[in-house]
Structure formats: structure tokens, C-alpha cells
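Me: I would like to learn how to read a protein model. Could you take me through one, feature by feature?

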Amino acid sequence: MRDWIYDLTLKPLFFKMSPEDAHSLSVGLLNLANVMPGMYEIIHKFTTYKSTRLKTEVAGIQFDHPLGMAAGFDKSGDLYPFLKRLGFSHVEIGTVTGQEQEGNPKPRIFRYEKEEALVNRMGFNNPGAEKVAQKISKQKKSIVRGINAGKTKVVLPENAVEDYVKTFRLLSPYGDYGVINISSPNTPGLRGFQEKDSFLELIGGIKKEFNGSFPLPMFVKLAPDLEESALLELLDLVLDIGLSGVILTNTTINKTVLPYFDNVETGGISGRVLREKSTRMVQVAYQKLGSRLPIIGVGGIMDGPSALEKILAGAELIQIYTGYIYRGPFLPYTILEYIDNFLKKEGVSSVREIVGKGVEFRS
Ligand SMILES: Cc1cc2nc3c(=O)[nH]c(=O)nc-3n(C[C@H](O)[C@H](O)[C@H](O)COP(=O)(O)O)c2cc1C
């Protein structure tokens with residue numbers, strides 16, 4: 001019901017504009033709402049769903065519920081103060097790189113409306129770790145904040161450790177968990193860190209710089225394009241090296257998820273067409289990890305059922321990005337209400353109890 005409000009009002013306006021202009025307009029509207037007395041209380045009321053059944057703890061961090069905003073929506077930390085009021089339990093800011101960079105030339109985001117997909121080749125546009133630190137150090141801490149770090153484009157792979165370390169040194173004081181992003185397809189060579197030796201060199205190198213223990217509970221974000229055998233091999237390393245969990249998944253570069261794949265822009269594909277691929281990754285990872293390490297599930301969550309599916313497949317936390325663009329600001333409420341109703345129906349008192357229980361609940 002709530003989703004219709006977006007479909008009939010803001011969505012037609014946003015979708016007439018380029019995706020980046022629409023994003024800027026939405027930021028403008030959020031700032032406007034901020035100076036209108038009482039406006040945020042109203043927005044908060046309609047977008048925020050609360051239930052004690054949804055409270056959870058992951059990597060020693062308390063979350064009001066499992067749903068967060070995925071990386072890329074708030075690249076420089078500006079939107080963190082607003083996202084609390086829009087019904088999210090956590091926000092992953094970034095990807096932030098050691099140095100400021102502009103990213104790729106525009107246009108660099110493309111909509112595929114019929115499939116509710118986006119293709120992006122942003123290329124980590126962000127103001128760099130120093131400026132982001134200055135900004136977020138002044139913000140009042142509210143919901144859980146993740147710090148997602150990546151490599152500056154001009155930094156050579158052999159100097160990547162230093163670049164990630166710079167970001168974590170500057171931003172860790174303001175974060176609750178960290179993410180080593182090695183899966184964005186738009187920084188040449190980044191996905192190469194998903195190969196065993198490079199992975200160990202990078203992650204081990206970062207850990208060493210912090211005297212053998214990460215400055216925050218640290219997650220690694222992986223691509224949906226990994227072979228299952230490669231994923232399983234990486235998970236062994238993840239367990240050995242002391243990471244706190246994995247984020248599955250980033251965008252895919254496999255254009256065949258779209259029907260007209262020979263005519264698709266270059267970049268990472270997200271949205272509804274990614275759902276199956278990323279859920280499968282969560283399922284495979286959960287079969288290996290069980291409750292040893294948490295999984296954050298992201299990719300193609302567009303509604304309640306696709307969100308629940310990720311949790312049943314093994315995700316302790318879930319995140320959205322593209323679904324928010326297509327379905328609008330009431331999506332967090334819709335998703336959380338759906339999951340809570342499911343818990344009620346099944347007589348379950350905590351969302352943690354259904355993580356990875358897909359088979360049981362389907363039978
Ligand atoms: C425009 C755009 C920019 C993104 N930027 C980042 C980023 O900077 N870092 C990152 O780790 N993921 C980034 N992502 C990937 C998302 O965090 C998420 O993993 C992916 O889009 C799948 O989720 P979705 O289908 O809900 O969008 C971006 C996605 C989009 C659509």
C-alpha cells in the first residue's frame with residue numbers, strides 16, 4: 001500500500017531524470033525535510049518498523065533489525081544522519097578510498113526499468129578518507145555505521161595495503177564495522193584480490209599494519225561472479241585470517257542476467273536480476289560456515305519475500321540499494337513487516353532462529 005505513494009509521486013519525477021540527478025534531488029529533499037519542523041518525525045513514523053523479534057547481534061554489534069543500506073548509496077557519509085530516520089538499522093558508507101577521486105565520466109549509471117535493474121560504472125567517486133573523516137567526526141552517532149574501503153584507482157596493486165590502511169586508520173574511530181571491498185568491477189584489477197595469494201597478501205598486510213588485529217570487526221565483500229569452488233576456498237582463508245564475516249554480494253558483470261545482454265552498458269549489474277545469483281552464494285557460503293561466521297546478504301532484494309529468502313539462505317543481516325531506487329522509501333517498512341509477520345506465523349521469537357533454516361521452512 002505504502003509503495004503506491006512513491007509510485008504515484010516521487011518515482012515518476014525521479015525516473016524522468018538521470019539516475020545521478022535523481023539522487024542529488026533526493027538528497028536536496030532530505031535536507032529540506034530536515035529544516036521543516038516536525039517533518040522528520042512524520043517520515044520516521046511511516047518508514048520505520050519496530051519489533052523486538054527483529055533485534056539481533058552480529059559480530060558483537062547490536063542491531064535494531066537486520067536491514068541496512070548497502071555501500072554506494074552514501075559514498076561520502078553525508079546521508080548517514082538521514083538514513084536513521086528512514087528505517088535502516090545500519091548504513092555502510094563508502095566505498096571510501098585513500099585518495100580523493102572523481103570516478104568515471106558521466107553517464108555512469110543506467111536504468112533497465114523492465115527488469116528493475118541498474119548498471120553502474122561509478123568507479124569509486126568519493127572525497128577521499130581525510131575529508132570523509134572530517135565530515136563524519138562531526139556527526140552525532142546514531143545507527144550502526146559500516147566503513148567500506150576500496151583501493152584508489154591510481155594506486156598500484158602492490159601499494160594497495162597502504163591505501164586501505166589509510167582509510168581504516170582515519171575512519172575506524174567513527175565506525176562499528178569495516179569492510180574490505182575487493183569486488184567492485186569498476187576499479188581495474190580490484191577483483192584480482194579475490195585470488196588466493198593476492199587475498200592473503202592484502203588482508204594479511206592490512207592486519208599486520210594494525211599489529212595483528214583489525215581495528216574494527218572486519219568483513220570482506222565478494223563478487224557474485226566467483227566460481228563456487230573459489231568462494232569455498234576463500235572462505236577457508238576468511239576463517240583462518242580472523243575476519244568477522246563476509247558480504248555476499250557485490251554487482252555482477254555477467255550480462256546474461258539481462259535478456260538483451262548483447263546491448264548492455266559496461267559496469268556492474270544490480271537489482272532484481274541479481275537476486276538468484278547472490279542468494280545462491282549466500283546458501284553455498286552458509287553451508288560451509290554455519291554459525292561460525294556471519295554473512296551479510298545483498299543483491300536483488302526488492303520486497304519482503306526476496307529479503308526473507310536471503311535470511312533463510314543464511315544471511316544474518318541484509319542490505320538493499322537498487323530495490324530502494326525502484327520501490328522507494330517505504331521498502332524498509334514493507335520488508336521488516338513481512339519478516340516479522342513470518343516470525344509471528346511460525347511462532348518464532350527472534351529473527352536469528354531462522355537464519356539458514358531455508359530447507360526446514362520450505363518443507
Ligand atoms: C550505483 C551503485 C553504486 C555502488 N557503489 C558501491 C560501492 O561504492 N561499494 C560497494 O561495495 N558496493 C557498491 N555498490 C553495490 C551495492 O552495495 C550492492 O552490493 C549491489 O548493488 C547489489 O545489491 P542491490 O541489488 O540491492 O543493489 C553499488 C551499487 C550501485 C547500484
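Me: Let me begin with helix 6. Which of its residues are buried?

Reply: Keep in mind that this is a predicted model. In helix 6 the buried residues are Ala129, Val132, Ala133 and Ile136. They span an arc of only 100° about the axis, so they sit on the same side of helix 6.

Me: Why do residues three or four places apart point the same way in an α-helix?

Reply: The general idea is that an α-helix has 3.6 residues a turn, so residues three or four places apart point the same way.

Me: And what covers the buried residues of helix 6?

Reply: The cover includes helix 5 (80-83), strand 4 and helix 7.

Me: Let me try helix 8 next. How many residues does it have, and how far does it reach?

Reply: Helix 8 runs over residues 196-209, which makes 14 residues. From first C-alpha to last it reaches 20 Å, close to the 20 Å expected at 1.5 Å a residue. Its buried residues are Phe199, Leu202, Ile203 and Ile206. Looking down the axis, you find these buried residues within an arc of 85°, so they line one face of helix 8.

Me: Which exposed residues are on the face turned away from the buried side of helix 8?

Reply: That face carries Lys196, Asp197 and Lys208. On the buried side, the covering elements include helix 7 (160-171), strand 8 (177-181), strand 9 (218-222) and helix 9 (228-241). After helix 8 comes Asn211, with a positive phi near 55°.

Me: Is Phe124 buried or exposed?

Reply: To decide, count the other C-beta atoms within 10 Å; 20 or more make a residue buried. Phe124 has 24 of them, so it is buried. Ala59 has 19 C-beta neighbours inside 10 Å, so Ala59 counts as partly exposed. Glu41 counts as exposed because it has 9 C-beta neighbours inside 10 Å.

Me: How do I compare separation along the chain with separation in space?

Reply: Pick two residues and look at both values. Glu41 and Arg85 are 44 residues apart along the chain, and 8.0 Å separates their C-alpha atoms. Now take Val144 and Pro259, which are 115 residues apart in sequence and 38 Å apart in space, C-alpha to C-alpha.

Me: Which residues does Val144 touch?

Reply: Leaving out residues up to four places away in sequence, Val144 touches Ile61, Phe63, Ser89, His90 and Asp176. Val144 lies in strand 7 (residues 144-149), and with 21 other C-beta atoms within 10 Å it is buried.

Me: Where can I find a cis peptide bond?

Reply: The angle to check is omega. A cis bond joins Lys106 and Pro107, where omega is about -5°, and Pro107 is in the loop between strand 4 and strand 5 (109-112). Another cis bond joins Leu248 and Thr249, with omega about 15°. Thr249 is in the loop between strand 10 (245-248) and strand 11.

Me: Which residues come nearest to the ligand?

Reply: There are 28 residues around the ligand, and Ala70, Gly72, Ser270, Tyr321 and Thr322 come nearest. The shell divides into 11 nonpolar, 15 polar and two charged residues. At least two shell residues come from each of strand 4 (90-96), strand 6 (117-120), strand 11 (268-271) and helix 12 (322-327).

Me: Last, how do I read the protein as a whole?

Reply: Start with the secondary structure, which comes to 14 helices and 13 strands. Then check the radius of gyration: a compact globule of 363 residues would have one near 21 Å, and the protein's 19 Å agrees with that. The C-alpha trace spans about 50 × 45 × 45 Å along its principal axes, and 47% of the 363 residues count as buried. Finally, of the contacts between residues at least 6 apart in sequence, 74% join residues at least 24 apart.

Notes. Residues numbered from 1 in each chain as written. Predicted model: local features only at pLDDT ≥ 70, side-chain atom pairs only at ≥ 80, totals over all residues. Helix = DSSP H or I, 4+ residues; strand = E, 2+ residues; numbered from the N terminus. Expected span 1.5 Å × (residues − 1). Buried ≥ 20, exposed ≤ 12 C-beta atoms within 10 Å, placed from the backbone. Arc of directions from axis to C-beta. Contact = placed C-beta atoms within 7 Å. Near = placed C-beta within 6 Å. Nonpolar A, V, L, I, M, F, W, Y, C, P; charged D, E, K, R; others polar. Rg over C-alpha atoms; globule rule 2.2 N^0.38 Å.
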